[in-house]
Amino acid sequence: MQDVFNIAVVIFTVANIGAMGLGLDLRETLTDLRSIRLIGLILLWGWVLGPALAWPRGSMEVSILRNKPRPYGYRRRSRSC
């Protein structure tokens, strides 16, 4: 069942990204890519702010791998169906 779900997620993701790509106007996209401000914001979110927001969750997973005490209120998810 998990394999079917994984395949469905991949198909769904590819279909949505394809639909977004087909809906773009090439000239408008190239004009936006020439904007230094827009490229700066994209890089800031992708390389600085995004990872900073994900840091607490990632550190929780690392603490599990290192057998450190879990934070208060943390429950491990069950893999059973």
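This note comments on the predicted model shown above, point by point.

1. Basis. Local features in this predicted model need pLDDT of at least 70, side-chain atom pairs count only at pLDDT 80 or more, and totals for chains, interfaces and linings use all residues. Residues are numbered from 1 along each chain as its sequence is written, and side-chain values use heavy atoms, with hydrogens and water left out.

2. Confidence. The chain averages a pLDDT (the predictor's confidence in each residue, from 0 to 100) of 80, and 68% of the residues score at least 70.

3. Fold. The chain holds three helices and zero strands, taken as DSSP runs (H or I of at least four residues for helices, E of at least two for strands) numbered from the N terminus.

4. Helix 1. The end C-alpha atoms of helix 1 are 30 Å apart, which agrees with the 30 Å that its 21 residues should span at 1.5 Å a residue, the expected span being 1.5 Å times one less than the number of residues.

5. Burial. Buried residues (under 20% relative accessible area with a 1.4 Å probe, protein chains only; exposed is over 50%, partly exposed in between) make up 2% of the 81 residues in the chain, and helix 1 has zero of them.

6. Leu 49. This residue lies in helix 3 (residues 36–65), and it counts as partly exposed because its relative accessibility is 31%.
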